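The following account leads the reader through one protein chain, from the confidence of the model to its overall architecture and then to its side-chain packing.

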Amino acid sequence: MCGRGYKMGDSAPGPDPIRAIYGFVLYLGTLLSFGLYLLWAFLPNSWLHTLGLTYLPARHWVLTAPVYCFVLLLFVIVSYVAYNLTTVPSLDSRRTITDEHALSLPQSADSCDGFYTRGDGIPPIADIPIQSVNRRLYDTVQRR
């Protein structure tokens, strides 16, 4: 229970002392790792041997590892975009107009051509039928 009288779930984005500690430890670990990487990249091998660090990867990994990570990131981005392009229906498909989850406006006295015309409130969430949109946009005869 939080101090405000409600239970905050695990996925709530609000501040939490445990999350703050985890974030701080992650921040310190990242800074330490990057510092060690820079020391390994720029210090000569003789200095690293005097510090007692004798089992280190070859020096070409100083450039190879970041390049691999960058190429992996590019691959993930391109794969994500390609996957989305393959799952989205084409623009001339009927599925781009409507689907099984569409909510139609109720035909009642306060709706005209599928449009909500009452001015005293917010209309309910619904999809406007394409016939009503075409009639409203492209019909040259004014209906009264």
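What is the mean pLDDT of the chain, and what percentage of its residues reach 70 or more? This is a predicted model, in which local features need pLDDT of at least 70 and side-chain atom pairs count only at pLDDT 80 or more, while totals for chains, interfaces and linings use all residues. Residues are numbered from 1 along each chain as its sequence is written, and side-chain values use heavy atoms, with hydrogens and water left out. The mean pLDDT (the predictor's confidence in each residue, from 0 to 100) is 80 for the chain, and 76% of its residues reach 70 or more. Over residues 1–6 the pLDDT is below 50, and this stretch has three contacts in the model beyond near neighbours in sequence; a contact means heavy atoms within 4.5 Å. Where pLDDT is low, the predicted coordinates should not be read in detail.

The chain contains four helices and two strands, which are DSSP runs numbered from the N terminus (helices H or I, at least four residues; strands E, at least two). From the N terminus on, the order of elements is α-α-α-β-β-α. Among contacts with a separation of 6 or more, residues 24 or more positions apart account for 11%. Of the 144 residues of the chain, 10% count as buried, that is, under 20% relative accessible area, with exposed over 50% and partly exposed in between (1.4 Å probe, protein chains only).

Helix H1 (residues 17–42) holds both Phe34 and Tyr37, three residues apart, about one turn of the helix. Aromatic rings of Phe, Tyr and Trp (its six-membered ring) pair if their centres lie within 6.5 Å; planes under 30 degrees apart count as stacked, over 60 as edge-to-face and the rest as tilted. The count comes to three aromatic pairs. The rings of Phe34 and Tyr37 have centres 6.4 Å apart and planes at 25 degrees, so this pair is stacked. Phe34 is partly exposed because its relative accessibility is 48%; Tyr37, at 26%, is also partly exposed. Together with Trp40, Phe34 and Tyr37 form one aromatic cluster.

Trp40 also belongs to the largest nonpolar core, whose five residues are Trp40, Ala41, Leu43, Leu48 and Val62.

Methods: Core = buried A, V, L, I, M, F, W, Y, C linked by side-chain atoms within 4.5 Å.
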